[in-house]
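Here is a walk through one protein chain, from its overall build down to a few single residues. Have the sequence and the model open side by side as you read.

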Amino acid sequence: MSNTIHGMEILSDSSVIQNYNLAELPAYISFEDIQSYPDAKTVPHWNDALEVLNVTSGSMYIIVSGQKHLLREQDICLVNAGCVNYLESNGDNPCKYFIGVADESIFSSTGEITKRYLDPVFHSFHPNFDIIPASSPFNKPLQDVFRKIERLRVDKPIAYDLSIVACCHEFLAIVCNALKETFFLTSSITSKADSTMQGMLSFIHENFSRTIHIEDLCEAGKISRNQCFHLFNKYTGDTPNNYILKFRLNSAKSMLITSDVPLSQIATSCGFAHQSHFTNHFTKYYGITPLQYRKAKKKSM
């Protein structure tokens with residue numbers, strides 16, 4: 001079972017599989033619509049790669065380590081490895097965006113380049129993100145690189161994969177100039193709140209098929225009940241119980257689409273007491289029964 005977000009599969013054991021789609025390179029690109037996600041909100045997640053967002057129309061929020069930031073049209077946002085984040089719609093406003101995910105191995109790895117440009121992005125001890133607004137002189141050059149990569153991916157000229165790697169280096173060089181005073185600063189200070197939140201989210205990913213009590217999360221994070229509620233509200237915008245319910249429903253949706261497993265089995269596999277309990281929550285949340293959802297999705301595939 002998994003939750004899928006931006007090509008990443010968040011598995012039930014809390015591990016993440018990044019499904020790359022850019023030639024044979026360790027990179028993923030896609031054009032997304034925030035309204036296509038339940039509640040117009042992505043699953044809170046983190047991974048070992050660099051995430052790049054470019055809002056192509058509308059606006060939305062990114063919540064990074066509990067801090068909410070508005071992304072406006074044409075803004076570019078970078079999120080480094082290990083940073084807990086999710087996206088959320090700005091009210092009922094539609095928003096479309098480009099997402100790029102790049103593994104460290106796509107970049108050069110000689111000693112000095114690794115130290116100067118890769119370690120701050122992929123091996124920093126603290127979560128980090130930054131926004132390059134539409135008004136920045138570096139914004140358009142970065143968008144030009146995005147468009148160049150997309151053309152290479154579609155047209156596939158000779159040695160296009162080498163050209164894509166060159167574009168990735170060009171991208172990193174522009175970003176370094178744009179954010180040299182912020183994004184590329186290393187830190188040896190570990191964020192206790194981030195590691196605590198990752199521990200509690202990991203516990204949910206590993207155990208959502210069984211009953212989870214608040215005390216279980218407190219033990220996983222080594223914090224008090226009040227601290228647990230505070231961190232969940234800060235990092236996910238939800239209570240622990242609501243987050244668990246939504247995670248279970250999202251996992252059930254994946255099973256409904258990708259398998260023919262009976263509803264009763266999906267219900268118990270995703271932590272619901274019985275099938276009617278699952279159906280009631282699903283219908284209340286999505287306005288459609290699980291069976292109707294499965295039939296509609298399979299018909300459209």
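Accessible areas here come from the Shrake-Rupley method with a 1.4 Å probe, and for residues only the protein chains shown count as cover. On that basis the protein chain has an accessible surface of about 14200 Å², with 53% of it belonging to carbon and sulfur atoms.

A word on where this comes from: it is a predicted model, in which local features need pLDDT of at least 70 and side-chain atom pairs count only at pLDDT 80 or more, while totals for chains, interfaces and linings use all residues. Residues are numbered from 1 along each chain as its sequence is written, and side-chain values use heavy atoms, with hydrogens and water left out.

**The whole chain**

The protein chain holds 10 helices and 11 strands; these are DSSP runs numbered from the N terminus, helices being H or I with at least four residues and strands E with at least two. Its radius of gyration is 20 Å, close to the 19 Å that the globule rule gives for 301 residues, so the chain is as compact as a globular protein of that length. That radius is taken over C-alpha atoms, and the rule is 2.2 Å times the number of residues to the power 0.38. Along its principal axes, the C-alpha trace spans about 55 × 45 × 35 Å.

Buried residues account for 50% of the 301, where buried means under 20% relative accessible area, exposed over 50%, and partly exposed in between (1.4 Å probe, protein chains only). Take the contacts (heavy atoms within 4.5 Å) between residues at least 6 apart in sequence: 70% of them join residues at least 24 apart.

**A strand covered on both faces**

In a regular strand the side chains alternate between the two faces of the sheet. Strand S8 (residues 76-79) has Ile76 and Leu78 on one side and Cys77 and Val79 on the other, all buried.

**Around Phe272**

Which loop holds Phe272? Phe272 sits between helix H8 (263-269) and helix H9 (275-286), and at 4% relative accessibility it counts as buried. Not counting residues up to four places away in sequence, Phe272 touches Leu245, Arg248, Leu249, Ala267, His277, Phe278 and His281. Arg210 is 62 residues from Phe272 in sequence, yet their C-alpha atoms are 8.0 Å apart.

Leu245, one of those Phe272 partners, lies in helix H7 (residues 240-258). At 22% relative accessibility, Leu245 counts as partly exposed. Leaving aside neighbours within four places in sequence, Leu245 is in contact with Phe272 and His281. Asp33 is 212 residues away from Leu245 in sequence and 23 Å away in space, C-alpha to C-alpha.

**Two lysines with positive phi**

Lys156 is not a glycine, but has a positive phi of about 50°; you'll find Lys156 in the loop between helix H2 (139-155) and helix H3 (160-178). Lys222 also has a positive phi without being a glycine, at about 60°. Lys222 lies in the loop between helix H5 (214-221) and helix H6 (225-236). Buried or exposed, what is Lys222? Lys222 is exposed, with a relative accessible area of 61%.
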